[in-house]
Amino acid sequence: MTQPRKIRLNAFDMNCVAHQSPGMWRHPEDRAWQYKDLSYWTELAKLLERGAFDGLFIADVLGTYDVYGGSDETAIREAAQIPVNDPILLTSAMALVTEHLGFGITAGTAFEHPYPFARRLSTLDHLTKGRIGWNVVTGYLPSAARNMGQDHTEHDARYDHADEYLEVLYKLWEGSWEDGAVIRDRERGVFTDPSKVHHIGHEGTYFSVPGIHLSEPSPQRSPVIYQAGASSRGVRFAAKHAESIFISAPAKHVLKERVSAIRAELVKAGRDPYSARIYTLLTIVTDETEALAHAKHDDFLKYASPEGGLTFMSGWTGVDLSKYHPNEPIGNVKSNAIHSALAALQAPDDQGREWKVGDIGRAAAIGGLGPRLVGSPQNVVDHLQEWVAETDVDGFNLAYAITPGTFEDIVELIVPELRKRGLYQEEYTPGTLRHKLFGKGDRLPGEHIGSQYRIGGPRSTALARNQAPERVAV
């Protein structure tokens, strides 16, 4: 008898007050306003590990949502991802209180040079014992570019820049230090064998990085690569690089098309169609019975902010939704922000209904771009099974209505129901995040483009010591 396909869960959060559910910070049980307290994050990490989540995916932006109404005033008032703190600094503390939980950290390619960033991620991979992932973003907020003194680059060009960014990182992570470089020879006084550390000699369109990586090889070398772009260019980028792909879709038929397109693009990139885990965004509101779950949801709606939802949607689509009447369809509008967000709004829902601006604000007020499941554990898990069976998605990237309450409900009610049906892991696979996800070891697989930059590989630019670029005396 064929074993049922396991469903994977990932938690979605951000180092801010209102991540995907604006207005919910006002709820008496919500603790998102404690985002500045390290204890909030360590307790959340322990909770998610108790629920055997694959990881905690922490989003980030380096700008404000200022498309709605032509200013950032609404975003500031609503705490819509502002104020927002750095996600990377949370990881070490959460890793210390957990053993298995993975951490997906968002960082953009547009505003930091890859050379110091490579060291930062290697450091985290060491400190977490190989449980780090990196969510690659190219930057969609024009306000971020302005505040970094840059022009907001056209959508596809941002991915061209990111491709070279990843190339530099692969050369540093995979092709600079040999595995046996660190020898710690006390007798000879040699900690690292210089003949086994190589300059990468990168000279490209955007970056010049001639030297060596500053960190010795970490457990995974390259962190698990996350990616959330769902435009045609974003999907090609994901198929080339990503191992965990995060998408959103308002309806099952849209999700099925997107999953199918990603699997096909992975094959075009020379990879197995299941060499990347695909998670779709979802918010679950549950309780012990249907009546209690719907009562909880009704209570949440009293605090949710449709205007905050429109503020997010305006930023994600690049369209100022304040200019539209609530009953007006979103229409066919070109976007230079998140192309998939606009496409989702232009597609009908599972009942064939067209999205109106007012619908968008109400839907985005709890859970952002993802759909919402409300019901008993049995009802919710029925739907999760149905979504996986009909769309071929691997699992769910779970946003929250309130935190940590939504995650507590999932751990205490949904996970036991999943396990009862044989649909969820009973315990973690030992090892690194990559091995937990795929069971094939700690390092990038041979079919992944990053592995080709290893010393001796077809894309390696590693230079022997006597070939190192000339040093300038100072």
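Thr106 sits in strand E3, which covers residues 102–108. The structure here is a predicted model. Setting aside neighbours within four places in sequence, the contacts of Thr106 are Phe57, Ile58, Ala59, Asp60, Pro87, Asn135 and Val137. Two of these names turn up together in the database too: the unreviewed UniProt entry lists Thr106 and Asp60 under "binding site", along with His155, Tyr159 and Ser231.

Now to helix H10, which runs over residues 306–317. H10 has 12 residues and spans 16 Å from its first C-alpha to its last, close to the 16 Å expected at 1.5 Å a residue. Of those 12 residues, 10 are buried, so H10 is largely enclosed by the rest of the structure. The buried set is Gly308, Gly309, Leu310, Thr311, Phe312, Met313, Ser314, Gly315, Trp316 and Thr317. Just after H10 comes Gly318, with a positive phi of about 80°.

Part of the surroundings of H10 is helix H12, made up of residues 357–364. The axes of H10 and H12 lie 7 Å apart and the two helices pack at an angle of about 100°; H10 and H12 are therefore roughly perpendicular to each other. On the H10 side, the residues involved are Pro306, Gly309, Leu310 and Met313, and they meet Val357, Ile360, Gly361, Arg362 and Ala364 of H12. Sorted by class, this contact comes out as 6 nonpolar, 2 polar and 1 charged residues. Gly309, Leu310 and Met313 from this contact are also among the buried residues of H10.

Technical notes. Residues are numbered from 1 along each chain as its sequence is written. This is a predicted model: local features need pLDDT of at least 70, side-chain atom pairs count only at pLDDT 80 or more; totals for chains, interfaces and linings use all residues. Side-chain values use heavy atoms; hydrogens and water are left out. Helices (H or I, at least four residues) and strands (E, at least two) are DSSP runs, numbered from the N terminus. The expected span of a helix is 1.5 Å times one less than its number of residues. Buried means under 20% relative accessible area, exposed over 50%, partly exposed in between (1.4 Å probe, protein chains only). Axes are lines fitted to C-alpha atoms, for helices over the stretch in contact, and angles run from 0 to 180 degrees between N-to-C directions. Angles under 35 degrees count as roughly parallel, over 145 as roughly antiparallel, 65 to 115 as roughly perpendicular and the rest as oblique. Contact means heavy atoms within 4.5 Å. Ala, Val, Leu, Ile, Met, Phe, Trp, Tyr, Cys and Pro count as nonpolar, Asp, Glu, Lys and Arg as charged, and the others, Gly among them, as polar. UniProt positions are given in the numbering used here, feature names are shortened, and annotations may be inferred rather than shown by experiment.
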